[in-house]
Each structure stands twice: as structure tokens, then as C-alpha cells.
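Colleague: I am new to reading protein models. Could you walk me through one, feature by feature?

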Amino acid sequence: MLKTIILLTDTVQQQQPLANLLREHNRDLAFCSALRASDLGAIDLNVLSEARLVSFAADVAVPEKFLLKLGYGAYKFYAAPTQYPGLPSAPDESDDDPRCYSVIAQSMTIWPDFKKVVGLETVTIPVGTVPAERERLVFSRLAHLFWGMSHMIAGEATDLPGIIGSSESQRPTLAMMN
């Protein structure tokens, strides 16, 4: 049974609103907060088998051993310019302001072939938008995607349905590595 959501966020201010939204769909959930990989390491290992990790706008590498112990998977919500899918823009192209972004919810696994996109939206930035406004527009769309998926994130399913990704419906196990 899903008992705990581990929220990995970029800032501490994002934690409470996300937890409140998820609690609307499952009042029994407990929450663990994390801002860094070291915070993940401090979580009691007994919690992980009944937990799901949700990374929201956080650029933190999650250790493989941690991912393997999660009973309800891990999902990452992030934004990327469409001309650099999955990657931040190249430093030498910083003067080229992207006009279209994808906001993505993707499963996190140590096996690349098993990753799948579980949520996807795009946002087009109007010409002449200043960087701070562009960031606000993209972040708002990312928050909207999280809001739209919050009932699934807080739910009991061990694996969220993919809209893009592996045709496999089974989560990989340690036995699959042999």
C-alpha cells in the first residue's frame, strides 16, 4: 500500500503546496522532503518499499540503489526546450531563446529502455518575452501538468500508465538484471 510520497524539489517553498495537492487525493499519505541527494540518503530505508519518489523541477541525480528500493516507482517532472529534448540548452547557444518548451512527466528507472513519458504538454513562448516571464510561463505549465496528474501520483498504482515509452508493462526487477 502506498504510504509515503518523497518530494524532491528545487526549493523548500514548493514542498507544502505539492503535498497539500496530493493529500486532497489521498488523506493517508505521509510526506518526506528532499532538496539534495544527501536528503534522500537520510530517509529511513524501511519507508521506501511503500513509497513513491516525485521529483518536481529538481536537477538532482537520484542514486540507483535508492530507485531500486522504491515500491511505487519514481517520476520526474521537468521542462526542456523542444530543440534540445531531455537536455538543457547548450551554453554557446544561450543567445538563441527557445520559443517552445515541453513540460514532461517521466518515470525514473536505472534501465533506459524502461523509462516512459507519463505526461506531456507544450508551451509556446510569445516573441519578445523577457527571460523571467518565459520562466514563469514554463513553470506554470509544469505545475499545471502536476496538478492534472495529482490523482494518479497519490493513487495506489505501482506503475503509472505511459503515453510514450517502453511497450513493456512490467516494472523491471533485480532478477531481470541477470
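**Reading contacts, rings and helices**

Modeller: Start with one residue and its neighbours. Ser-55 touches Leu-8, Tyr-75, Lys-76, Phe-77 and Met-108, leaving aside residues up to four places away in sequence. Keep in mind that this is a predicted model.

Colleague: Where is Ser-55 placed? Is Ser-55 buried or exposed?

Modeller: Ser-55 sits in strand S3. Its relative accessible area is 1%. Buried means under 20%, so Ser-55 is buried.

Colleague: How much of the protein chain counts as buried?

Modeller: Of its 178 residues, 40% do.

Colleague: Let me step back to the overall fold. How many helices and strands does the protein chain have?

Modeller: There are four helices and seven strands. Along the sequence they follow the pattern β-α-β-α-β-α-β-β-β-α-β.

Colleague: Now the rings. How many aromatic pairs are there?

Modeller: The count comes to four aromatic pairs. One of them is Phe-56 with Phe-139. Their ring centres are 5.6 Å apart, and their planes stand at 80°. Over 60 degrees counts as edge-to-face, so this pair is edge-to-face.

Colleague: Which parts of the chain does the pair of Phe-56 and Phe-139 tie together?

Modeller: Phe-56 lies in strand S3 (residues 51-56), and Phe-139 lies in helix H4. The parts tied together are 83 residues apart in sequence. Phe-56 is buried, with a relative accessible area of 2%. Phe-139 is partly exposed, at 36%.

Colleague: Which residues form one aromatic cluster?

Modeller: Phe-56, Phe-77, Phe-139 and Phe-146 do.

Colleague: Next, helix packing. How are two packed helices described?

Modeller: By the angle between their axes and the distance between the axes. Here, take helix H1 (residues 15-25) and helix H4 (residues 131-153). Their axes come within 8 Å and cross at roughly 50°. That makes H1 oblique to H4. The crossing is right-handed.

Colleague: Which residues of H1 and H4 meet?

Modeller: From H1 come Leu-18, Leu-21, Leu-22 and His-25. From H4 come Phe-146, Trp-147, Ser-150, His-151 and Ile-153. By class, this contact has six nonpolar, three polar and no charged residues.

Colleague: One loop to finish. Where is Ala-157 found?

Modeller: Ala-157 is in the loop between H4 and strand S7 (164-165). At 37% relative accessibility, Ala-157 counts as partly exposed.

Colleague: Which residues does Ala-157 touch?

Modeller: Arg-52 and Tyr-72, not counting residues up to four places away in sequence. The C-alpha atoms of Ala-157 and Gly-73 are separated by 9.4 Å. Along the chain, Ala-157 and Gly-73 are 84 residues apart.

Conventions
Residues are numbered from 1 along each chain as its sequence is written. This is a predicted model: local features need pLDDT of at least 70, side-chain atom pairs count only at pLDDT 80 or more; totals for chains, interfaces and linings use all residues. Side-chain values use heavy atoms; hydrogens and water are left out. Axes are lines fitted to C-alpha atoms, for helices over the stretch in contact, and angles run from 0 to 180 degrees between N-to-C directions. Helices (H or I, at least four residues) and strands (E, at least two) are DSSP runs, numbered from the N terminus. Angles under 35 degrees count as roughly parallel, over 145 as roughly antiparallel, 65 to 115 as roughly perpendicular and the rest as oblique. A crossing is left-handed if the near helix is turned anticlockwise from the far one by less than a right angle, and right-handed if clockwise. Contact means heavy atoms within 4.5 Å. Ala, Val, Leu, Ile, Met, Phe, Trp, Tyr, Cys and Pro count as nonpolar, Asp, Glu, Lys and Arg as charged, and the others, Gly among them, as polar. Rings of Phe, Tyr and Trp (its six-membered ring) pair if their centres lie within 6.5 Å; planes under 30 degrees apart count as stacked, over 60 as edge-to-face and the rest as tilted. Buried means under 20% relative accessible area, exposed over 50%, partly exposed in between (1.4 Å probe, protein chains only).
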